[in-house]
Amino acid sequence: MAFEDKDLNTLENTELEAVAGGAGTSSGKTVTITGDYVRFRRTKDSSDLSNVICQLRKGTQVTLVNRGTYWCRIIYKGEEGFVGSDYVSK
């Protein structure tokens with residue numbers, strides 16, 4: 001069963017990590033930001049603007065650490081954080 005077919009409350013911890021960009025597919029490859037002015041965050045909390053490190057412009061290259069359904073963990077200029085998965089090239 002795919003993550004999309006499950007209620008988030010019923011997912012196991014390992015499944016939640018994959019959905020959230022924690023223990024999902026690990027790569028270390030260079031990927032490209034595909035959205036304009038994508039917020040690069042310290043945490044996955046999109047409601048807290050104080051955790052925004054900077055905004056990444058379309059075309060910025062970053063290192064992918066993990067890709068989840070909703071979040072990607074990336075490294076940009078030596079700093080590790082999160083961006084929305086929809087805004088990172090595959």
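The pLDDT is the predictor's confidence in each residue, on a scale from 0 to 100. Colour the protein chain by this value: its mean is 82, and 70% of the residues reach 70 or more. Residues are numbered from 1 along each chain as its sequence is written, and side-chain values use heavy atoms, with hydrogens and water left out. The model is predicted, so that local features need pLDDT of at least 70 and side-chain atom pairs count only at pLDDT 80 or more, while totals for chains, interfaces and linings use all residues.

Select residues 1-6 first. Here pLDDT stays under 50, and the model has nine contacts (heavy atoms within 4.5 Å) beyond four places in sequence for this stretch. Where pLDDT is low, the predicted coordinates should not be read in detail.

Next, select Asn-51, in the loop between strand S3 (38-41) and S4; strands are DSSP runs (E, at least two residues), numbered from the N terminus. Is Asn-51 buried or exposed? Asn-51 is buried because its relative accessible area is 5%; buried means under 20%, exposed over 50%, and partly exposed in between (1.4 Å probe, protein chains only). Beyond four places in sequence, its contacts include Phe-40 and Asp-45.

Move on to Gln-55 in strand S4 (residues 52-56). Gln-55 is partly exposed, at 43% relative accessibility, and touches Tyr-37, Val-38 and Arg-39 when residues up to four places away are not counted. Its C-alpha atom is separated by 9.7 Å from that of Val-83, 28 residues apart along the chain.

Finally, select Ser-85, in the segment after strand S7 (79-84). Ser-85 is buried, with a relative accessible area of 5%. Among the residues that Ser-85 touches, beyond four places in sequence, are Tyr-70, Trp-71 and Cys-72.

How values were computed. Helices (H or I, at least four residues) and strands (E, at least two) are DSSP runs, numbered from the N terminus.
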